Amino acid sequence: MLHGGASSTWRWGQACGITVPVRPLFLPLVLLASMAAAQVIPDAPDAGFGAWLAEFRRGAVAKGLPADAVDATTAGLRYDPHVVALDRAQPDDSAWKPSVFATYLDRHLDAAKVARGRTVAASLAPELAAISARTGVPAAIILGIWGMESDFGFGSVGGFDVPRSLASLAYDGRRAALFTRELEAAVRIVAEHRATRAQLKGSWAGAMGQPQFLPSAFLANATDGDGDGRADIWASRADVAASIATYLQHAGWVRGERWGMRVQVPPRFDRDGIRNPVEPSTCIRPMRKHSRWLTIGEWRALGLTPMDAGAWPADATRATLIEPDGAGTPAYLTFDNYRALLDYNCSNFYALSVALLGDALE
């Protein structure tokens, strides 16, 4: 996860198109691919990166970060043009195109993932029970996040050197402030001996370990779940589970409440009457998909019915309606706890997938 969210829907972004000059059709595909790559990957800079790194060192030390930790974290760093190319390939708002939740769900939630989740849940049952009791976050939701982020540790968590990636992205300048702050957070991790310099491996954008925390999220949420005095989000399953739960607890997860539920919307339902008149200020595009808040009692009066087993929550519970693929497609009422899932990754597709995987594992 790019946290908070970076990103946060960028994690699921599609590579933008590359304009390639017209060439005869008999050119080898390898040559065409190399030509396209040459247009995307920026030329490696000259001494500018070294000068930027020296300035970063001065600024970090001025902010109170120990000079030896800054040096230990940044020693030998080189600019990585591949990382910058990957970042530039993320679509901006003008390139964004809607996609289909049903297709997304088919790709990210299948029977094999549910089976792996049940195996992990059984092997970690005492630890998950203790973590849930402490934080109020259900084991099923912890597992839902874990499964979507790294397939419970069975999937790739990235082999990029995180400080090198962050320094390259900060120097590139497109989101300089964000990645400079994250590089400073990586220095703090080393300075506080929260992890070794060698452990700082992750995605090209700096998300680390099985929960895919950016360094700032690691500092705020990484939790020792196995009692060894360290929070190892790369190798310790108990630490991964505890850290995810801590993140959601900090994001406002309310103990004893659900994330939401799937519902049936009656035919000829008046969607204009439930439209949210308030423009969202955060997580803007995903939140525009949500209706205004109504109570469960009001939703029931409008004719909505549950699609799954289980009783309605209390009539006073507030909820928003979301139909991710539009009117007439699967619909969900989401409660306040759903916002904690969006905080982890600002994407309705992601948050719903986490919730539905959790339901399958509950």
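**Contacts, cross-links and helix packing in the predicted model**

Apart from neighbours within four places in sequence, Asn221 is in contact (heavy atoms within 4.5 Å) with Phe213, Ser243, Thr246, Tyr247 and His250. The structure is a predicted model, in which local features require pLDDT of at least 70 and side-chain atom pairs count only at pLDDT 80 or more, whereas totals for chains, interfaces and linings use all residues. Residues are numbered from 1 along each chain as its sequence is written, and side-chain values use heavy atoms, with hydrogens and water left out.

Asn221 belongs to helix H11. Helices (H or I, at least four residues) and strands (E, at least two) are DSSP runs, numbered from the N terminus. With a relative accessible area of 5%, Asn221 is buried; the term buried denotes under 20% relative accessible area, exposed over 50%, and partly exposed the range in between, computed with a 1.4 Å probe on protein chains only. Gln212 is located in the loop between strand E2 (201-202) and helix H11 (215-221). This residue, Gln212, is likewise buried, at 9% relative accessible area. Its backbone has a positive phi of about 55°, although Gln212 is not a glycine. Most residues other than glycine have a negative phi, and most peptide bonds are trans.

A positive phi is also found at Cys283, with a value near 45° in a residue other than glycine. Cys283 is situated in the loop between E3 and H13, and its relative accessible area of 19% places Cys283 in the buried class. A disulfide, defined as a pair of cysteine sulfur atoms within 2.5 Å, joins Cys283 to Cys346, with an S to S distance of 1.8 Å. By this rule the count comes to one disulfide. The link of Cys283 and Cys346 is right-handed, with 110° about the S-S bond. Cys283 lies between strand E3 (260-264) and helix H13 (284-287), and Cys346 lies in the loop between helix H15 (337-344) and H16, so the pair ties together parts that are 63 residues apart in sequence. Both cysteines, Cys283 and Cys346, are buried.

Helix H16 (residues 348-361) contains Asn348. The relative accessible area of Asn348 is 7%, and the residue is therefore buried. Leaving aside neighbours within four places in sequence, Asn348 is in contact with Pro286, Lys289, His290, Ile322, Tyr338 and Leu342. With Tyr338, the side chain of Asn348 forms a polar contact of 2.8 Å. A polar contact is a pair of N or O atoms within 3.5 Å; within protein, one must be able to donate a hydrogen and the other to accept it, and residues adjacent in sequence count only if both atoms are side-chain atoms.

The packing of two helices was examined next. The axes of helix H6 (residues 111-123) and helix H7 (residues 125-135) come within 5 Å and cross at roughly 80°. Axes are lines fitted to C-alpha atoms, for helices over the stretch in contact, and angles run from 0 to 180 degrees between N-to-C directions. H6 and H7 are therefore roughly perpendicular to each other, given that angles under 35 degrees count as roughly parallel, over 145 as roughly antiparallel, 65 to 115 as roughly perpendicular and the rest as oblique. On the H6 side, Ala121, Ala122 and Ser123 meet Ala125, Glu127 and Leu128 of H7. The residues of this contact of H6 with H7 comprise four nonpolar, one polar and one charged. In this classification, Ala, Val, Leu, Ile, Met, Phe, Trp, Tyr, Cys and Pro count as nonpolar, Asp, Glu, Lys and Arg as charged, and the others, Gly among them, as polar.

Several residue pairs separated along the chain were also considered. Asp106, in helix H5 (residues 101-108), is exposed, with a relative accessible area of 62%. Its C-alpha atom is separated by 9.8 Å from that of Ser353, although Asp106 and Ser353 are 247 residues apart along the chain. His82 lies in helix H4 (residues 81-88) and counts as partly exposed at 40% relative accessibility. Between His82 and Ser168, 86 residues apart in sequence, the C-alpha to C-alpha distance is 9.5 Å. Gly48, in helix H2 (residues 48-62), is partly exposed at 23% relative accessibility.
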